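User: I would like to work through this model feature by feature. Please give me the general idea each time, then the case at hand.

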Amino acid sequence: MELKNFKELIAKVQNNDTKKRVAVAAAHDEHTLEAVFKAVNDKLVEPVLIGDKEKIVKILDNLSVNFDENEIIHTSDDTEAAEKTVELINEGKADFIMKGKLQTADLLKAVVNKEKGLRTGSVMSHVAILEIPAYHKLIAVTDGGMMMYPDLEEKKQIIENVVNVFLAMGYESPKVAVLTAVETVNPKMPEAVDADNLKKMNQNGEIKNCIVEGPISVDLTFNKESAKIKGYESPVTGEADILIAPNITTGNIMSKALLEFANGTMAGMIVGAKVPIVLTSRGATTEEKYLSLVLSASSVK
């Protein structure tokens, strides 16, 4: 199966038998709560609110949201909110996390805590899913927000992380393009060498449940005619589901350029921990936060 747009993803989550519970850390943020309760109204998630109770109640009143304030878990500061959120996950009282009004570092410190955190042994990476009018289905870009300069083993884990997301969304074998500036192996270009090695790992069964292509340039990834002219044959050409960026700068620029110049819409989250983490920037729109909730709810095992 393939998802053409976020509308199809929303419908898929709505059809789930049970609604996933999102633990909102430092929930006293208007845009965050607006997104959360839009998802609640659309029957996508159930909220667990953690943070400054007085501020949360005031925001909910301003949004005309009816919510039992006795269900709000009050915390005195951001550190306590982050730790309580992680605790709820470990106790099975929530299914995934959303960052509210606190610093990313404060939340991640609790997530990666060696004794009480949510690490799995895998790298934690950022996955952005984009809907672009010029492309016929949803496409992922990773990693443009977490891993700065991943080595070969880290890139392997980044692929495994994002493939798991697609498997959870219902895909059987997503198509992965490991992007470089060229489509040939140039020993002077480490990212091209890595791409070739990742393809070989996929072919010998080290990377499972997907089709990995690389090295491959952006034009050949999206344009079947260009690939035909260059004699580049691959099932990924023109049909890619996942784009693997060589580093965080490339992934970040690519995602933002598609948003700004291709009229794209984005959802994003951190994966590789025990549960997905909605970790949108402070400048993210309510729509992006809402779609990120949908994406995370669809990815919970």
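This is a predicted model: local features need pLDDT of at least 70, side-chain atom pairs count only at pLDDT 80 or more; totals for chains, interfaces and linings use all residues.

User: What counts as a cavity, and what as a pocket?

Analyst: Work on a 1 Å grid over the protein atoms alone. A cavity is a set of points where a 1.4 Å probe fits but cannot get out. A pocket is an open set with protein on both sides within 12 Å along at least five of seven lines. Lining residues have an atom within 4 Å of a point. Grid points are joined across faces, edges and corners, and a volume is the space filled by probe spheres set on the points.

User: Which residues line the largest cavity?

Analyst: The lining is K155, V178, L179, E191, D194, A195, I244, A245 and P246. The space inside is about 40 Å³. β7 (175-179) and α7 (190-203) each supply at least two lining residues. α7 gives the most, with 3 residues. Helices (H or I, at least four residues) and strands (E, at least two) are DSSP runs, numbered from the N terminus.

User: How does that cavity lining divide by class?

Analyst: It has 6 nonpolar, no polar and 3 charged residues. Ala, Val, Leu, Ile, Met, Phe, Trp, Tyr, Cys and Pro count as nonpolar; Asp, Glu, Lys and Arg as charged; the others, Gly among them, as polar.

User: Now the largest pocket. What is its volume?

Analyst: About 670 Å³. The pocket is lined by 27 residues, and L279, T280, S281, R282 and E288 lie nearest its centre. By class, the lining has 8 nonpolar, 12 polar and 7 charged residues.

User: Which element gives the most to that pocket lining?

Analyst: α10, with 4 residues. At least two each come from β5 (125-131), α10 (248-261), β10 (265-271) and α11 (286-299).

User: On to helices. How are two packed helices described?

Analyst: By the angle between their axes and the distance between the axes. Axes are lines fitted to C-alpha atoms, for helices over the stretch in contact, and angles run from 0 to 180 degrees between N-to-C directions. Take α1 (residues 6-14) and α11: their axes come within 10 Å and cross at roughly 50°. They are therefore oblique to each other. Angles under 35 degrees count as roughly parallel, over 145 as roughly antiparallel, 65 to 115 as roughly perpendicular and the rest as oblique.

User: Is the crossing of α1 and α11 left-handed or right-handed?

Analyst: Left-handed. That means the near helix is turned anticlockwise from the far one by less than a right angle; clockwise is right-handed. F6, L9, I10 and V13 of α1 touch Y290, L291, V294, L295, A297 and S298 of α11. Contact means heavy atoms within 4.5 Å. The class count there is 9 nonpolar, 1 polar and no charged residues.

User: Where does α2 meet α11?

Analyst: H31, T32, E34, A35, V36, K38 and A39 in α2 meet T286, K289, Y290 and L293 in α11. The contact has 5 nonpolar, 3 polar and 3 charged residues. The axes of α2 (residues 30-41) and α11 come within 8 Å and cross at roughly 50°. That makes α2 oblique to α11. The crossing is right-handed.

User: What about α2 with α3?

Analyst: The axes of α2 and α3 (residues 53-62) come within 10 Å, crossing at roughly 60°. The two are therefore oblique. The crossing is right-handed. E30, L33 and F37 in α2 meet I56, I59 and L60 in α3. By class: 5 nonpolar, no polar and 1 charged.

Note on methods
Residues are numbered from 1 along each chain as its sequence is written. Side-chain values use heavy atoms; hydrogens and water are left out.
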